[in-house]
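Let's take a walk through this structure together. Keep the sequence and the 3D view side by side, and look up each residue as it comes along.

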Amino acid sequence: MSSTTNIQKLSGAGLLISLGIVYGDIGTSPLYTLRAIFNTVSESGQPISPMIVLGALSCIIWTLTLQTTIKYVAITLRADNKGEGGILSLYSLVRKKAKWLVVPAILGGCALLADGIITPSITVTTAIEGLQFKFPAVQVIPIVIAIITGLFIIQQYGTSLVGKMFGPIMLLWFATLGVLGMLYVVQDFSILKALNPYYAGHLLATNPMALVILGGVFLCTTGAEALYSDLGHCGKKNIQVSWVFVKLTLIINYLGQGVWLLKHPDYNANINPFYEIVPPQFLLFMVALATLAAIIASQAMITGSFTLISEAVRLNLWPKVLISYPSNHKGQIYVPSINWLLCAGCIAVVLIFEKSINMEGAYGLAINLTFLATTILIAYYMKSKKVPMYIILIFLVIYGALELSFLVGNMTKFLHGGFVTLLIGAALFSIMWGWYVARKIKNRFVKYVGIDDYFELISELSEDTTIAKYSSQLVYLTSANFKTEIESKIIYSILQKEPKRADIYWLVHVDVVDEPFTREYKVEFLIPGKLIRIDFKLGFRVEQRINILFRKVVEDLVANGEVDITSQYASLKKHRIAGDFRFILLEKHLSRFTTLNLYERSIMMYYFLLKRLSLSEERSFGLDSSYVDVEKVPLIFVSTDDIELNRLPV
């Protein structure tokens with residue numbers, strides 16, 4: 001814990017780590033932002049006038065100021081959940097304020113995952129396309145696919161070793177951005193007029209292509225969400241201080257590209273202003289450095305996607321999937337299913353669009369939705385912190401108007417690739433929403449009974465030698481939140497389905513709490529020596545390895561003399577051999593006699609399809625399948641009281 005605290009404190013190491021982890025996406029935006037804007041201007045037939053150049057640069061500078069600096073660095077970073085950030089961490093802080101907040105949380109999460117497919121594609125492709133300035137005949141697509149494939153292959157082995165190089169590489173990248181930009185800024189200081197927001201306002205008020213230009217401007221801030229998502233890895237102070245350096249170098253580079261544009265009003269779509277400001281003798285070095293920066297940006301998005309999915313699984317917003325930990329590096333996880341899904345998506349995007357300029361239409365739209373979702377959740381967080389309502393309203397009006405304007409601008413790209421992002425996001429949303437709603441439907445049909453009504457019966461069953469012993473220790477996972485109740489289906493399983501005699505019955509309940517790394521438990525002896533309940537409180541970032549956690553608790557209870565798990569078979573008891581443990585999992589299925597309406601039935605059918613494709617219950621809880629019995633039970637018991645049946649006379 002101390003190491004984590006030290007990393008999050010303001011320090012040189014913390015600042016360097018922040019450069020390597022946080023700024024990959026936003027740091028590579030100069031590769032394509034101005035090209036996207038002026039490609040739009042060029043296609044509209046407008047000349048590249050000084051007012052358009054100054055207006056576009058002013059829009060970029062003030063977008064970075066309002067959106068990234070004020071909203072994320074100054075405001076959103078304050079919404080830390082025990083030091084952790086990200087849209088699902090934020091949702092965990094406010095989800096009890098209003099049930100409907102799950103909608104922006106799911107929407108924002110799915111948009112981030114969609115962005116995880118687009119980011120590696122466009123950044124790596126743009127970087128490699130720089131080779132064509134020196135070698136026009138070079139085949140970009142095979143190189144890009146090879147890099148992306150290699151990047152996803154190494155995920156399973158962990159990236160902590162190469163991750164140590166990320167900070168120095170990004171420090172070199174940003175320093176180089178600043179130097180390249182300054183080489184041109186000193187040639188024409190009039191470009192500094194772009195710092196005046198008047199030019200942004202003038203462009204938006206007078207240019208008929210203003211909304212389309214805004215769609216390009218938005219690309220400069222697409223990595224802002226990463227500042228919040230990586231809060232737990234770097235700490236608030238390190239991010240805030242390092243952002244000053246990052247923002248300065250980004251703005252200088254944009255201004256330098258702007259000077260080049262002023263000198264070359266004959267701009268065309270085949271030109272990238274970023275590479276045009278690179279001295280020819282340094283082009284190959286810059287392509288290599290840009291490629292490394294693009295890989296780092298892609299790695300950040302991949303890692304962020306893994307973290308988001310792991311949180312979604314714990315919060316019951318995503319099907320249970322295999323999550324592994326390839327190294328001891330803090331926070332490093334690997335989700336195979338998401339890894340290969342992202343890999344296939346990235347390769348498909350590269351093959352479909354072929355050129356980075358064609359991908360720009362698909363980029364930005366997804367992250368725009370995440371920004372809107374974060375704005376809504378932050379407003380509720382501010383409300384929970386007793387921030388005056390007028391300040392919250394000002395925040396909502398400013399950022400609602402700003403991000404809706406960007407959304408309209410990005411929607412102009414819909415037919416030029418934006419539909420791809422929305423299709424990916426919609427598919428992901430259907431999974432999250434279907435899983436969430438299905439759980440609500442399931443909970444509606446869970447019937448609870450008072451457990452104390454069965455104390456005497458369970459005690460007698462445990463002592464009834466006329467029934468063959470099922471297991472020495474019998475363990476059920478229960479969803480009952482209170483120790484006074486239990487699912488009727490568990491009682492049915494113990495007493496009726498097949499009477500299960502055991503020396504001790506255990507009830508295990510897992511409660512996922514809103515704090516990220518909580519690990520607590522409580523033990524209730526409902527029937528001393530016969531029926532014991534264990535309640536685990538686990539943070540939404542804690543791996544639910546129930547098998548190990550349960551064993552640890554039992555070992556502590558035995559060591560304290562609170563429970564005796566010695567086998568009651570005479571031959572084994574004499575030698576103090578521990579009895580066997582068996583877990584019973586109740587797996588629900590949808591009966592064809594169910595009375596659900598069409599929407600709910602469709603959701604449940606989709607849920608059971610996803611469940612078949614996801615990790616089994618025993619594997620998701622870390623249980624050894626050789627000690628687990630799975631019993632199928634209907635989601636809804638059909639009562640004979642609802643059936644009318646007439647008996648015919650003989």
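Start at Arg-545, which counts as partly exposed because its relative accessibility is 41%. The scale behind that word runs like this: buried means under 20% relative accessible area, exposed means over 50%, and partly exposed is in between, with a 1.4 Å probe and protein chains only. The side chain of Arg-545 meets that of Glu-543 in a salt bridge, 3.9 Å from N to O. Glu-543 is partly exposed too, at 27% relative accessibility. A salt bridge here is a side-chain nitrogen of Lys or Arg within 4 Å of a carboxyl oxygen of Asp or Glu, and the count by this rule is 13.

Before going on, a word on what you are looking at. This is a predicted model, in which local features need pLDDT of at least 70 and side-chain atom pairs count only at pLDDT 80 or more, while totals for chains, interfaces and linings use all residues. Residues are numbered from 1 along each chain as its sequence is written, and side-chain values use heavy atoms, with hydrogens and water left out.

Now step back to the whole chain. Its C-alpha trace spans about 95 × 65 × 55 Å along the principal axes, and of its 650 residues, 55% count as buried. You'll find 28 helices and eight strands; these are DSSP runs numbered from the N terminus, with helices being H or I of at least four residues and strands E of at least two.

Lys-71 and Glu-403 meet at 2.6 Å, N to O. Is Glu-600 buried or exposed? Glu-600 counts as buried, because its relative accessibility is 13%, whereas Arg-444 is partly exposed at 47%.

Let's turn to the aromatic rings. Rings of Phe, Tyr and Trp (its six-membered ring) pair if their centres lie within 6.5 Å; planes under 30 degrees apart count as stacked, over 60 as edge-to-face and the rest as tilted. By this rule there are 21 aromatic pairs. Take Trp-433 and Tyr-436: their ring centres are 5.8 Å apart and their planes are at 35 degrees, so the pair is tilted. Both lie in helix α22 (residues 418-444), three residues apart, about one turn of the helix. Trp-433 is partly exposed at 26%, while Tyr-436 is buried at 14%. Compare Tyr-607 and Phe-608, with centres 5.1 Å apart and planes at 70 degrees, so this pair is edge-to-face. Both Tyr-607 and Phe-608 are buried. Elsewhere, Tyr-23, Phe-174, Trp-243 and Phe-245 form one aromatic cluster.

Last, look at Ala-366 in helix α20 (residues 365-384). Ala-366 counts as buried because its relative accessibility is 5%. What does Ala-366 contact, leaving aside its neighbours within four places in sequence? The partners are Ala-111, Ala-114, Asp-115 and Thr-421, where contact means heavy atoms within 4.5 Å.
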